[in-house]
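Subject: Structure handover

Hello,

Here is the structure I said I would pass on. My notes follow it.

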Amino acid sequence: MVKFLVKRLILSVFVLFGISVLIFCLARIIPGDPARLALGERASDEAVAELREAMHLDAPIYEQYYYWLKDVLKGDFGLSLNTQRDVSLDVQQFLPATLELVIVAGIISIAMAFVFGLLSSKYKDSWIDGTIRVFSYIGISVPAFVWAILFLLFFGYVWDILPVFNRLSAGIPEPNRITGMYILDFCLQGNLRGALDALAHVFLPALALAVGHIFQEARILRSSLIDNMEKEFISVTTGYGIPKRKIMSSYLLKPSAISVTTVAGLDFANTLGNAFLVETIFNWPGISRYCLNAMMTKDLNAISAVVLIIGIIYMIVNIIVDIVIAALDPRVRLGD
Amino acid sequence: MTITNGNLAEKSSDTSRLLDIRGLKVWYKTYRGNAQVVDGVDMYVNQAEKIGLVGESGCGKTTTMKMILQLLNPSQIVVPEGEILFQGRDIRKMNEKEIMEIRRSYVSMISQAPMAALNPVFSIGKQMEDIVRYSGQFPKAGRKEIREICAQAVNDVMIPDASRILDSFPHQLSGGMRQRICIAMSLVTPRQLLIADEPGTALDVTIQDQIHRLLRELVEKKGRSLIMITHSLGVARELVDRIYIMYAGNIVETAETKSLFASPLHPYTNGLIQCVPRLSGGGISAGIYGYVPDYVNPGIGCRFCSRCPDAKAICAKEKPKLRQIKPGHWVACFKYEAPSAERGEQ
Amino acid sequence: MKRNDMMNETFNLDHRGLLSPSTMENIKISFYKFTRNKFSIVGLLIVLISLFLAIFANKIVPYPSHITGYVDYSQASLAPCAEYWFGTDIHGRDVFSRVIYSFRGAMLMSIVVLGISVPVGVTFGLLAGYYNGTWIDTLIMRVTDIFLAIPALILALSIASIMEPSLMGSMIAVTAMWWTWYTRMVYGLATSISKEYFVKNAELIGASKFHILFKEILPSCLSPVVTKMALDVGWVILMGASLSFAGLGEQPPTPAFGTMINEGSKYMPEMWWITIFPAMAIAFVILGFNFFGDGIRDMMDRGRQ
């Protein structure tokens, strides 16, 4: 297990290094002078020349990369064109909101996937199964940003059930910043009312991100449950008179959970990507909205920082998924 | 030479029988119609008796055995008739609770495929302990005692270092080891009837032989009954007291092992015996020509008649019944039915 | 098993070793397998409709002039009616015409993206799989890993963001990242196929590397590649719509699903038709290509007849 993890981590470091090269290349491929772009049209030629010097733009490309990486490793991504602040400060400010959003979305999708997957395999070929099947088609075909618009509209305006916009209701003070994730911060400070309010605010955008995955993952769980039900080892366990409930909840569920966990990990990439659009729709003050604004204005420092950070988040999620799979599957944990 | 007409099961007035299957038919639903895979099987097992059920792949052996434990998916099969009496009670009429009781305490089945029979994500120990825990036969045993019982069962199947084996996972064990574990599982709690479905088929011959010896020793030592399913008469000869020959869902011949080998009656049995390799040579036997018939439209006659070297006109029109030719030796074949010269030869 | 299939195919033998009926029969079997699932037929219909709309968009739309920067405020924001089936947007343009016309850009994008990225991705995958364990394998697959380590939409957005926003820009951005999935898939297949005897045989008789890669290994990889391509058409369209929704794809006034949804979302819920119809069109296309892809998979599946 330890060996497996170490190997996994070393590989991740290499990939991360690769991502940094890729991002650097993207930022330099852009036509025009990066220094001019960073300072804007109205900057003086002297200022541009000064920045060119500071960015080592006259050095060979690999040296430029070296200086860039050195700064990045120190947490210095340079100034943001939009906010005129250090990008690292912006990231600190906006990242927790996005983390909160995608984590809630991930939890909703996997939890609901298990509920619906178990239901549709238990009531296989019934109307419940059929309904979930239809929803899985709808879930596949309707993009997350459309869900976001629909939820905003119906839950937010037409029925007015859940709050839309902002992370908290008016009148509820922000929690003292510990992690920056409001739900967690409120919980840590024992403010249940605040935590629930924060949860209510994050719920709709998170659901918009999750809904496409819920039914797809449920279908995957359903088919692996049904596949495994036909397996000899379940027949053997049944033959030994082990109660049905026990078979369902452990002998069948554990091997079936492996495939759905893998898929949920891959789906998380989608969640992170779609967050860019959903945050914009809900005006969610997260890093994705920040980055999308940066993209519209070619704010390269901000783009590089956010893409790198998203790469790291996705990597961490993948490592967690690998650990969960290793915990579920001894063939992975102990090697074949 | 006596010829007795009638049903094998009817003659069995003996109530001490552990298992008594009477006229069992099992059909699988397919898109072409019902596949009549088990077509009226009669067989019984006495206390502490070892019997063999021999036939080629796909002849309904496993289906018959799975019916005993009710392991077939009820939505996929039709059971038009038949009784499965276990200690005089019909398993087919039992409710869910009673069937669970049979599975927990009376009958166990060793699967055909040791590679697929163990759950890949649970340790051997966990799987075996659950069998003991849910058998209800050791209600007072704690975690430690249950583990002891399992370790003992693993020792019984000649695996040293039981504790390490219990902590390992199926993929870490060789095929032979897994087969032994399957046997250990079936014997870990006292059950009267053990059904072994071609144990060792997937293994190489030397290990297969060890497994068979081991199984026989354990069954004899513990006084259990055994149904050994195999496609090899050679294996059956080594292991069991009495043999049922099954062909395409029918029992075609049954006798004590010695009697069967001394004078095989059914043409199919003869074919099977010729398939047993002999040291005295003679090359590879001719085998049996042709294939098992189509189960959806098996025809009304003897199911073997298209492959039978001795087939006559009647064989295609009527199904032969099991008849007793010698004490304990029954055969279903028209060859021994017609009141003609053939009988004189016997 | 696979080997056996290939033998049978070469000699036209079926599983009993008999000469099988010819190509006509094969087409019939393929058609039967494809149509066994009714959803596949629905998928095929949607695919054909989408292609038809894309090709003849300018001929069939009721208001061809509305696909440009046309403005008629007297007709603005009309709800769906007999004259304007999907209503009109805030500039008075016919939403129906604009939705239909959007099929053109969407289909063009998926054809261009897949037309370039699939051959490239497959070639890289074949090379990496065949030269398994060499530096070629390492180089190609590590680069692939890096691309796949960034969520697809984010990578596409970042590549698109450094170019001028346009349909062309979004095509380049999506093409630049899409090949990696094919590389990874073909890599896995080619690695195992390279070990098969028929490849070894070709090597022994001195066949050229080109022949081995494209005539020996590629045919065995083809069915999953084709299946994925059928499914991917829908996903490329979604990616294009996401980019244009974000403002980094097709630019107004040329209609595109994403921009229409984005513009319309400002006027929800009162003017729901501006948003809902293009959204339904995307769902229609993605669903159609999914069903179609499933049908292709059933058709390509040799195992189950």
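What percentage of the contacts in chain C with a separation of 6 or more is between residues 24 or more positions apart? The figure is 70%, where two residues are in contact if their C-beta atoms, placed from the backbone, lie within 7 Å.

Before the rest, the conventions. This is a predicted model, in which local features need pLDDT of at least 70 and side-chain atom pairs count only at pLDDT 80 or more, while totals for chains, interfaces and linings use all residues. Residues are numbered from 1 along each chain as its sequence is written, and chains are lettered from A and ligands numbered from 1 in the order in which they are written.

Chain C

Chain C has 11 helices and 0 strands; helices (H or I, at least four residues) and strands (E, at least two) are DSSP runs numbered from the N terminus. Its C-alpha atoms fill a box of roughly 75 × 45 × 30 Å along the principal axes. Of its 305 residues, 46% are buried, meaning that 20 or more other C-beta atoms, placed from the backbone, lie within 10 Å of the residue's own.

One helix pair in chain C is described here in detail. The axes of α3(C) (residues 38–60) and α4(C) come within 7 Å and cross at roughly 130 degrees. Axes are lines fitted to C-alpha atoms, for helices over the stretch in contact, and angles run from 0 to 180 degrees between N-to-C directions. The two helices are therefore oblique to each other (angles under 35 degrees count as roughly parallel, over 145 as roughly antiparallel, 65 to 115 as roughly perpendicular and the rest as oblique). On the α3(C) side, the contact is made by C:S50, C:L51, C:L53, C:A54, C:A57 and C:I60. α4(C) brings C:I100, C:Y101, C:F103, C:R104, C:M107 and C:L108. By class, these residues are 10 nonpolar, 1 polar and 1 charged; Ala, Val, Leu, Ile, Met, Phe, Trp, Tyr, Cys and Pro count as nonpolar, Asp, Glu, Lys and Arg as charged, and the others, Gly among them, as polar.

Chain A

Chain A has 14 helices and 0 strands. Its C-alpha atoms fill a box of roughly 85 × 55 × 40 Å along the principal axes, and 42% of its 336 residues are buried. Residues 24 or more positions apart account for 71% of its contacts with a separation of 6 or more.

Interfaces

Between chains C and A, 32 residues of chain C are in contact with 36 residues of chain A. The chain C side has 23 nonpolar, 7 polar and 2 charged residues.

Between chains A and B, 20 residues of chain A are in contact with 22 of chain B. On the chain A side, α10 (232–239), α11 (244–282) and α14 (330–334) each supply at least two residues. α10(A) gives the most, with 6 residues. This side has 10 nonpolar, 4 polar and 6 charged residues.

Cores

A nonpolar core is a set of buried Ala, Val, Leu, Ile, Met, Phe, Trp, Tyr and Cys residues joined through C-beta atoms within 7 Å. The largest has 175 residues, and A:A148, A:A208, A:V278, A:C291, C:A156, C:L157 and C:I237 touch the most other members. Helix α4(C) (residues 95–130) gives the most to this core, with 18 residues. Leaving aside residues up to four places away in sequence, C:I237 touches C:A106, C:M109, C:S110, C:I282, C:V285 and C:I286. A second, separate core of 98 residues includes A:F233, B:C59, B:I91 and B:Y247.

Regards

Notes: A residue is buried if 20 or more other C-beta atoms lie within 10 Å of its own, exposed if 12 or fewer, and partly exposed in between; C-beta atoms are placed from the backbone.
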